[in-house]
Amino acid sequence: MCGIFGYVGNRSNAAGLAVNGLKSLEYRGYDSWGVAWKEGSALGLRKETGKISGINPESLPACSLAIGHTRWATHGGVTAANAHPHLNEDRTIAVVHNGIIENYQELREELKAKGHVFLSETDTEVIPHLIEEYLKETDDFAHAVRLACQRFTGRYGILAVHTTSDTIVAARTGSPLIVGKAPDGFFIASDTPAFLEHTRTVQYLDDGEMVITNGKSIIFSDLKTGEEKLKREIEITWSIDEARKGDYAHFMLKEIMDQKESVARAVNQNEEEIIEVARAIENARGTFLVGCGTAHKACMAGEHFFSIVAGKHVNVAPASEFKLYHRFLRPESLLIAVSQSGETADVLEAIQVAKSKGAKVLAIVNSPGSSIARAADYTLLINAGPERAVASTKALTGQLAVLMLVAYALAGKLAEGKKLLLETASMINDMLNPRYADYLSRVADHIKAKEDLYIIGRSWNYPMALESAIKIQEVSYIHAEGFAGGELKHGPIALIEDGMPCIVLAGNDEVLPDILSNAVQLKARGGYVIGVAPERNEIFDEWIRVPDAGAAQPIVNIIPIQVLAYFLAVQRGKDPDMPRNLAKSVTVK
């Protein structure tokens with residue numbers, strides 16, 4: 001959720017680098033920010049509530065070591081006092097932290113009894129105070145950080161600095177940290193866009209690991225034992241331009257338009273790896289699909305792909321509920337974990353549950369070096385490129401494409417599936433043109449004043465109805481709900497009133513007559529029916545045309561809803577890139 005940045009090296013603008021790095025992490029969501037830097041033998045500090053966008057990096061003093069943080073409030077309100085970095089009383093130690101120290105109350109009381117005074121309501125503030133206590137036992141700052149971390153329970157990523165040392169010490173259990181290696185120093189951040197313009201050479205911290213760097217050299221070690229570890233260097237292939245908005249007003253719109261190419265990139269998989277994964281699913285005794293939010297809706301659609309295309313049953317669960325499925329797991333089971341970031345806390349917990357039972361794990365992710373990818377036995381990348389808007393768009397269609405490709409491979413029809421998906425990618429390229437966007441903008445203008453909106457679908461369009469509701473809710477704040485078309489008469493139809501927008505997702509498939517019948521029911525009760533379908537029907541008050549994509553229909557049907565949600569947000573004066581109360585990567589439970 002929150003963003004972490006650190007730099008130490010030969011450059012004299014470390015604090016300014018921290019500000020720019022945090023700006024690159026704004027997409028993760030935050031309500032306050034702060035930077036600490038080393039000035040001679042003292043620590044400088046600036047932290048504020050609100051946005052960092054207007055801060056001039058050159059307004060901060062020259063220095064060669066700095067850490068920074070964008071905070072999304074969990075423990076304690078949105079105040080400057082609660083913002084990171086947090087310091088100890090004599091201001092010799094500064095810490096930034098993602099995650100939650102679950103036993104912070106116990107530690108806080110212990111430290112208070114020893115005379116420590118706290119200035120914030122956060123769990124994070126116990127960290128510098130506890131490090132200070134251990135510095136009474138050792139003059140090795142890194143060792144003091146190690147001892148402190150061994151007291152914590154929960155998931156965390158930490159950067160710590162001290163006035164007597166020109167080093168950054170980082171530790172990680174559960175919350176991601178990535179090292180960027182540059183010719184003139186080292187960066188440490190919670191995501192690669194923070195330092196992508198400076199280096200593409202990265203090294204990943206695994207859970208239970210620690211890193212110490214003075215800007216010239218770097219040491220990775222086990223957080224408990226101190227045993228040094230070797231880390232391979234990985235080159236990030238994403239370009240800087242992919243992580244920028246370019247001529248687009250918002251990242252969300254850019255990433256929607258990126259789907260002209262990103263779906264084809266998702267299909268560009270190593271066929272031997274796809275066949276190997278399909279064989280693992282075929283041989284598994286119980287296959288489970290898990291994800292959170294939008295990724296969970298991709299999993300639900302994947303259940304239909306496996307059923308309809310391959311005649312294979314898989315089980316779907318929200319990752320946050322998966323630990324309750326442990327009774328069904330055995331060593332022959334397979335967990336398919338789907339995540340854009342590869343760092344989702346609930347998905348990582350689901351993987352831990354599966355691994356504890358000896359089950360294998362397939363990761364479908366966007367980030368090759370992410371925690372989920374490294375924990376998996378098999379990994380398929382969706383190749384969407386960086387996605388910085390909080391609302392996921394191109395990552396979803398990439399996930400759907402990969403799941404469909406695996407389903408076709410499972411059916412022994414990989415070539416057929418690949419052909420269908422590449423044809424779909426070509427149709428998406430034709431569909432996403434200025435006239436199409438203008439039409440969706442007009443549809444948005446017609447319904448933007450409404451406070452309620454409903455979406456229905458059947459078969460693989462049912463998960464897309466749920467996803468449509470998520471997309472509209474999170475960026476426009478319109479109350480939107482998705483339903484299975486056949487469930488209308490079991491309660492939801494009571495909500496339909498005159499003029500209420502009702503979106504109907506349809507395709508030329510076996511359930512088309514049924515979904516059109518549901519649309520008639522909506523219209524009969526005054527609903528304003530917006531059809532998303534390959535063909536016009538007299539039932540539709542508005543028709544949003546989409547290609548006839550066969551089994552890939554859910555991929556093409558969700559894209560105009562993404563565009564519609566974007567225009568609803570903009571026309572209602574909302575920021576579609578950073579919706580309130582939401583974060584891009586949910587790394588806490």
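Predicted model: local features only at pLDDT ≥ 70, side-chain atom pairs only at ≥ 80, totals over all residues.
**Cores, a helix pair and a strand**

Leu289 belongs to the largest nonpolar core, which has 93 residues. Leu289 is among those with the most contacts inside that core, along with Phe306, Ile336, Ile364, Ile455, Ile472 and Ile503. Helix α11, residues 394–410, supplies the largest share of the core, with 13 residues. There is also a second, separate core of 28 residues, and Ala18, Val19, Ile55 and Leu196 are included in it.

Next, two helices. How do α6 and α12 run relative to each other? The axes of α6 (residues 259–267) and α12 (residues 414–431) come within 8 Å and cross at roughly 170 degrees. An angle over 145 counts as roughly antiparallel, and α6 and α12 are therefore roughly antiparallel to each other. On the α6 side, the residues that meet α12 are Gln259, Lys260, Val263, Ala264 and Val267. On the α12 side they are Lys418, Leu421, Leu422, Ala425, Ile428 and Asn429. Sorted by class, this contact has seven nonpolar, two polar and two charged residues.

Last, strand β1, residues 3–9. Seven of its seven residues are buried. One side holds Gly3, Phe5, Tyr7 and Gly9, the other Ile4, Gly6 and Val8, so both faces are covered. β1 is joined to β4 (residues 65–71) by six bridges, running antiparallel. With β10 (residues 185–189), β1 pairs over five bridges, again in the antiparallel sense. Tyr7 stands opposite Ala66 in β4 and opposite Phe187 in β10.

Key: Residues numbered from 1 in each chain as written. Heavy atoms only, no water. Core = buried A, V, L, I, M, F, W, Y, C linked by side-chain atoms within 4.5 Å. Buried < 20%, exposed > 50% of the residue type's maximum accessible area, 1.4 Å probe, protein only. Helix = DSSP H or I, 4+ residues; strand = E, 2+ residues; numbered from the N terminus. Axes fitted to C-alpha atoms, helices over the stretch in contact; angles between N-to-C directions. Parallel < 35°, antiparallel > 145°, perpendicular 65-115°, else oblique. Contact = heavy atoms within 4.5 Å. Nonpolar A, V, L, I, M, F, W, Y, C, P; charged D, E, K, R; others polar. Pairing = 2+ DSSP bridges.
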